[in-house]
Amino acid sequence: MSARFPVEVRVRTGRDYRDAFADSRRVSTRHFSLHLRLRDGGFCRLGMAVSRKVSPDAVVRNRIKRQVRESFRLRYREFPAGDCILVARSGAGALDKVALRKDLALLWDRLIALPPSSPTGTILRRDAAAGLASATPAPTSPSDTPSLSAPEGAPAPRPTASPGE
């Protein structure tokens, strides 16, 4: 990647921002919060939100954005494919260049250390839980699924009254 910050690695539309905020995983440091919305294939894209709460001075906000872009440009190949929305918190405006870079490095390290997202659903099949890939579909009939019962010593569920009673 050249010294420029190409359009392909930017989150640009309002819809992408909304989707990332609505369906994301978060990591944060004292001065930044990062929302990651995973997507299939490709690379990581960056979006930023540096508001006037961070600093009323536009020069300070733009300095933060330049540092974020440069730090991201140097490490984005290590990140999972998705949309990253970085939100600066109010204390970020008071940081000098070295402290800002250190906080961003910590944030990127936390992003890389995120465990992979869990599969959809709440009950895993036994072979999926063991880490084995299975090409067979999940059981569809009730007799194929293991029964879920209360553990020993647990109280029995109370019957519920029907609406007509």
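Two strands count as paired if DSSP finds at least two bridges between them. Helices (H or I, at least four residues) and strands (E, at least two) are DSSP runs, numbered from the N terminus. This is a predicted model, in which local features need pLDDT of at least 70 and side-chain atom pairs count only at pLDDT 80 or more, while totals for chains, interfaces and linings use all residues. Residues are numbered from 1 along each chain as its sequence is written, and side-chain values use heavy atoms, with hydrogens and water left out.

**View 1. Leu-36 stands opposite Cys-84 of β4.** Leu-36 sits in β2 and is also the bridge partner of Arg-25. Strands β2 and β4 run antiparallel and are joined by seven bridges. On the β1 side, four bridges link β1 (residues 25-28) to β2, again antiparallel, and a hairpin of three residues connects β1 to β2.

**View 2. β3 and β4 pair in the parallel sense.** Together with α2, the two strands make a left-handed β-α-β unit. For handedness, a crossover is right-handed if, with the strands pointing away from the viewer, the path from the first strand over the helix to the second runs clockwise.

**View 3. The largest nonpolar core has 27 residues.** A nonpolar core here is a set of buried Ala, Val, Leu, Ile, Met, Phe, Trp, Tyr and Cys residues joined through side-chain atoms within 4.5 Å. The members touching the most others are Phe-32, Leu-46, Ile-64, Leu-86 and Trp-108. Two or more residues each come from β2 (32-38), β3 (44-49), α2 (58-75), β4 (82-88) and α3 (97-112). Helix α3 gives the largest share, five residues.

**View 4. What does Trp-108 contact, leaving aside its neighbours within four places in sequence?** The list is Leu-34, Leu-46, Val-68, Ser-71, Phe-72, Arg-75, Phe-79 and Leu-86, where contact means heavy atoms within 4.5 Å.

**View 5. Phe-72, Tyr-76, Phe-79 and Trp-108 form one aromatic cluster.** Rings of Phe, Tyr and Trp (its six-membered ring) pair if their centres lie within 6.5 Å; planes under 30 degrees apart count as stacked, over 60 as edge-to-face and the rest as tilted. The whole structure has four such pairs. Phe-72 and Tyr-76 are stacked, at 5.8 Å centre to centre and 25° between the planes. Phe-72 and Phe-79 are tilted instead, at 5.7 Å and 45°. Is Phe-72 buried or exposed? Phe-72 counts as buried because its relative accessible area is 0%. Phe-79 is buried too, because its relative accessibility is 7%.

**View 6. Arg-39 puts its charged end over the ring of Phe-43.** That end lies 5.9 Å from the ring centre. The test asks for NZ of Lys or CZ of Arg within 6 Å of the ring centre and within 35 degrees of the ring normal.

**View 7. Zooming out, the chain has four helices and four strands.** Along the sequence they follow the pattern α-β-β-β-α-β-α-α. Buried residues make up 30% of the 165 in the chain. Among contacts between residues at least 6 apart in sequence, 78% join residues at least 24 apart.

Terms used:
Buried < 20%, exposed > 50% of the residue type's maximum accessible area, 1.4 Å probe, protein only.
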